[in-house]
Amino acid sequence: SVAPGVVDTEMQATIRESNEQDFSRHAHFVGLKERNELSTPEEVADKYLRIIEHSTDFKDCVFSLRDL
């Protein structure tokens, strides 16, 4: 299992454009963007490709892409 973390997609943009009354975790996701803590879809794809191409380098069953 691989957790990609929060990816800066159109869904994230929609969440950030909403208001706190409509989405209870609004401030959290706005903060992730402000602190540059979101991965791009391209970064995530590159990391998945690395896992596929070098699968024997990864011994854990579950890990976060943030650790790559």
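The following conversation asks how several terms are applied to one predicted protein model.

Student: How do you know how far to trust this model?

Tutor: This is a predicted model, in which local features need pLDDT of at least 70, side-chain atom pairs count only at pLDDT 80 or more, and totals for chains, interfaces and linings use all residues. Residues are numbered from 1 along each chain as its sequence is written, and side-chain values use heavy atoms, with hydrogens and water left out. Since pLDDT is the predictor's confidence in each residue, from 0 to 100, the figures to look at are the protein's mean of 88 and the 96% of its residues that reach 70 or more.

Student: Where in the protein is confidence lowest, and where is it highest?

Tutor: Confidence is lowest in strand β2 (residues 63-64), with a mean of 68, and highest in α2, with a mean of 96. The names follow a rule, in which helices (H or I, at least four residues) and strands (E, at least two) are DSSP runs, numbered from the N terminus.

Student: What makes the helices α1 and α2 oblique to each other?

Tutor: Helix α1 covers residues 10-17 and helix α2 covers residues 26-34, and their axes come within 9 Å and cross at roughly 120°. Here axes are lines fitted to C-alpha atoms, for helices over the stretch in contact, and angles run from 0 to 180 degrees between N-to-C directions. Angles under 35 degrees count as roughly parallel, over 145 as roughly antiparallel, 65 to 115 as roughly perpendicular, and the rest as oblique. The crossing angle is roughly 120°, and α1 and α2 are therefore oblique to each other.

Student: Which hand does the crossing of α1 and α2 have?

Tutor: The crossing is left-handed, a word used if the near helix is turned anticlockwise from the far one by less than a right angle, while clockwise gives right-handed.

Student: Which residues of α1 and α2 meet?

Tutor: From α1 there are Gln12, Ile15 and Arg16, and from α2 there are His26, Phe29, Val30 and Lys33. The residues of this contact divide into 3 nonpolar, 2 polar and 2 charged, where Ala, Val, Leu, Ile, Met, Phe, Trp, Tyr, Cys and Pro count as nonpolar, Asp, Glu, Lys and Arg as charged, and the others, Gly among them, as polar. Contact itself means heavy atoms within 4.5 Å.

Student: Why is histidine 26 called buried?

Tutor: Buried means under 20% relative accessible area, exposed means over 50%, and partly exposed lies in between (1.4 Å probe, protein chains only). Histidine 26, in helix α2, has 12% relative accessibility and so counts as buried. Leaving aside neighbours within four places in sequence, histidine 26 is in contact with Ile15, Arg16, Ser18, Asn19 and Glu20. The buried residues of α2 are His26, Phe29, Val30, Gly31 and Leu32, and the buried residues of this helix pack against α1.

Student: Why are methionine 11 and glutamate 17 called exposed?

Tutor: Methionine 11 lies in helix α1 and, because its relative accessibility is 56%, counts as exposed. Glutamate 17 is also placed in helix α1, and with a relative accessible area of 69% this residue is exposed. Glutamate 17 and phenylalanine 29 are 12 residues apart in sequence, and their C-alpha atoms are 10 Å apart in space.

Student: What makes asparagine 36 worth a look?

Tutor: Asparagine 36 has a positive phi of about 55° although it is not a glycine. Asparagine 36 lies in the loop between α2 and α3 (41-53) and, with a relative accessible area of 69%, is exposed.

Student: Is serine 39 buried or exposed?

Tutor: Serine 39, also in the loop between α2 and α3, counts as buried because its relative accessibility is 14%. Not counting residues up to four places away in sequence, serine 39 touches Val6, Val7, Asp8 and Val44.

Student: What makes proline 4 partly exposed?

Tutor: Proline 4, found in the loop between β1 (2-3) and α1, has a relative accessible area of 26% and is therefore partly exposed. Leaving aside neighbours within four places in sequence, proline 4 is in contact with Val44, Tyr48 and Leu65.
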